Amino acid sequence: MKLHQSDTQKYQTVTGYDETGVEINAERYNYSLIVLPETPPRAWNAPTFESITAEHFDIIGADSPDVVILGTGARQRFIHPKLTAALTMRRIGVECMDSQAACRTYNILMGEGRKVTLALVIDANEGDQA
């Protein structure tokens, strides 16, 4: 699904997504990544939802966001609170949602000027399990 056209490179905007990946400023990514409004997207070594550890959230916490939007793939899944405890102690919120909702929510919060991080799990094998 295409969200909208964006020719600004100042902010990292989700411009499209489907079952196999996401577009950030019209550039395609088909692997898990971390997206912040003012820095280029970077790979996130979390190839599956089940592979996520507390260390994955430590990496995100280094950016000191106000809120983390975790895109969990085609369906919404919830991360165990012990994995995000370090973020919670720093008053960094973590919201889990399916990846499509996560992309939309990230764009809204970014547009409001919030310090938001989008963490997307893009599992190349997820579509094969249906």
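Is Ser64 buried, exposed or partly exposed? I found Ser64 to be partly exposed, with a relative accessible area of 33%. (Buried stands for under 20% relative accessible area, exposed for over 50%, and partly exposed for values in between, with a 1.4 Å probe and protein chains only.)

I noted that the model is predicted: local features need pLDDT of at least 70, side-chain atom pairs count only at pLDDT 80 or more, and totals for chains, interfaces and linings use all residues. Residues are numbered from 1 along each chain as its sequence is written, and side-chain values use heavy atoms, with hydrogens and water left out.

**Backbone entry.** I looked up phi for Ser64, which is positive at about 50° although Ser64 is not a glycine. Most residues other than glycine have a negative phi. Ser64 sits in the loop between helix H1 (54–61) and strand S6 (67–71). (Helices are DSSP runs of H or I with at least four residues, strands are runs of E with at least two, and both are numbered from the N terminus.) Ala26, also not a glycine, has a positive phi of about 65°. I located Ala26 in the loop between strand S2 (21–24) and strand S3 (27–29), and Ala26 is exposed at 59% relative accessible area.

**Gln12 entry.** I placed Gln12 in the segment before strand S1 (14–18). Gln12 counts as buried, at 8% relative accessibility. Leaving aside neighbours within four places in sequence, I listed the residues in contact with Gln12, among them Ile24, Val35, Pro40, Tyr106 and Met110. (Contact requires heavy atoms within 4.5 Å.)
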